[in-house]
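The points are grouped by topic, each to be read beside the structure.

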Amino acid sequence: MTTPELLGGRYRLDRVAGHGGMATVFEAHDTVLNRAVAIKLLQRRHDATGVVEERFRREALAEASLVHPNIVAVHDVGVHEDGRPYIVMDYVDGRPLAALIAEGPIPSERVAFIGLAIARALAAAHEHGIIHRDIKPANILLDQQGLPQLTDFGLARVADERELTIAGEMLGTAMYVAPEQARFGICTAQGDLYAFGAVLYHALAGAPPFDGTGAIDVALRRFEEDPAPLQARVGDVDPALAALVHELLAREPAARPAGAAEVAERLGDIAARVRTERTSGDPVTPSTIPPAGAPRAPGLSPPPPDVPLPNPSMLPADLWSARDDAAPESARPS
């Protein structure tokens, strides 16, 4: 450190906010811009292969290249005086989706809203050729307004970039990892969609699609069986949402939706319909719902859910294209 108190001569580390597989996250204060930030500092560990440090570097590059309201932004990188690299990011004042799931099953309306935001984040990442590879509830943060943000691109891989693995390692998290990723190490956008579907299933059911006695057992079960039908586990789950989740959890990548943009479009339609049904008390027939990919009327967006969900006007109605992602955006809460 440049001074005994400040990392990089600028950042005051206030408290440990969490630990990951390769880094510690601190709540910190940027003394130059006078704002709260989050700092991820690589743990002090022996890494003769250099894989962990290279993954850490890739995470910074991946997140810094993605400018999107539902992806935690990277502001700075640096190196601790002991040689460990660090990443300075938005500080999200909230909690992970994992903490919300721990309280019990989440209603369909809220799951559709959260899913819409994360599907849009994935669409933006995939448009830039970035595969996240570790979608799980702990990597989805909900701020004080309930707005979701995707974080932790520590396993992210850019298309056509060489693979970084350690012998005997399974990339991803066993409860959510796609079958092809668990068995063959094949990591594609379709694998992200499978993990995303597993997260939505966990949120709706209060339990992951597969359980077992250990990580390998959990990962292997998806090769031999399909998860229990959501409608059998959650009586009031929205049927269209349940159907979409099971499509995402298809064992064969080709049987899943074509991409995250399509998933976001469908989730937007589901969120709008479920909200309308709840507020009006009348079911909305499928014929009144625009099909996925159909042109939307100007200004159409999912109606605002009740508090504690934020008004979806805070989420743009249309998917962001690569061109839009590069455009300057207003400052996010930090």
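Glycine 281, which comes just after α9, adopts a positive phi of about 80°. This value, like the others here, belongs to a predicted model.

**Helix α9**
- Helix α9 covers residues 260-280, which is 21 residues.
- At 1.5 Å a residue the helix should span 30 Å, and its end C-alpha atoms are 30 Å apart, so expectation and model agree.
- An α-helix has 3.6 residues a turn, so residues three or four places apart point the same way.
- Arginine 266 is buried, because its relative accessible area of 17% is under 20%.
- Glutamate 262 is partly exposed, with a relative accessible area of 29%.

**The sheet β7-β9-β10**
- An open sheet is made of 3 strands in the order β7-β9-β10, with antiparallel pairing.
- Strands β7 (94-96) and β10 (148-150) are at the edges; each has a single partner strand, so one side of each has no neighbour in the sheet.
- From one strand to the next, the twist averages 30°.
- Strand β9 (residues 140-143) is joined to β10 by 3 bridges, and the two run antiparallel.
- Leucine 141 is placed opposite glutamine 149 of β10.
- Across β9 and β10 lies helix α3 (residues 108-127), which runs at about 30° to β10.

**Nonpolar cores**
- The largest nonpolar core has 53 residues, of which Leu97 and Phe196 touch the most other members.
- Two or more residues of this core come from each of α2 (97-101), α3, β9, α5 (189-205), α8 (239-248) and α9.
- Helix α5 gives the largest share, 11 residues.
- Leaving aside residues up to four places away in sequence, leucine 97 touches Ile106, Ile114, Pro137, Ile140, Leu142 and Val199.
- Another core, of 14 residues, lies apart from it; Ala38, Phe56, Ala60 and Leu141 are among its members.

**Salt bridges**
- The count of salt bridges comes to 14.
- One of them pairs arginine 15 with glutamate 27, whose closest N and O atoms are 2.6 Å apart.
- That pair links distant parts of the chain, with arginine 15 in strand β2 (residues 11-19) and glutamate 27 in strand β3 (residues 23-30), 12 residues apart.
- Arginine 15 counts as partly exposed, at 43% relative accessibility.
- Lysine 40 pairs with aspartate 152, the closest N and O atoms being 3.3 Å apart.
- Lysine 40 is buried, at a relative accessible area of 7%, whereas aspartate 152 counts as partly exposed, at 24% relative accessibility.
- Asp238, Arg273 and Glu277 are joined in a network of salt bridges.

Conventions
Residues numbered from 1 in each chain as written. Predicted model: local features only at pLDDT ≥ 70, side-chain atom pairs only at ≥ 80, totals over all residues. Heavy atoms only, no water. Helix = DSSP H or I, 4+ residues; strand = E, 2+ residues; numbered from the N terminus. Expected span 1.5 Å × (residues − 1). Pairing = 2+ DSSP bridges. Axes fitted to C-alpha atoms, helices over the stretch in contact; angles between N-to-C directions. Contact = heavy atoms within 4.5 Å. Core = buried A, V, L, I, M, F, W, Y, C linked by side-chain atoms within 4.5 Å. Buried < 20%, exposed > 50% of the residue type's maximum accessible area, 1.4 Å probe, protein only. Salt bridge = Lys/Arg side-chain N within 4 Å of Asp/Glu carboxyl O.
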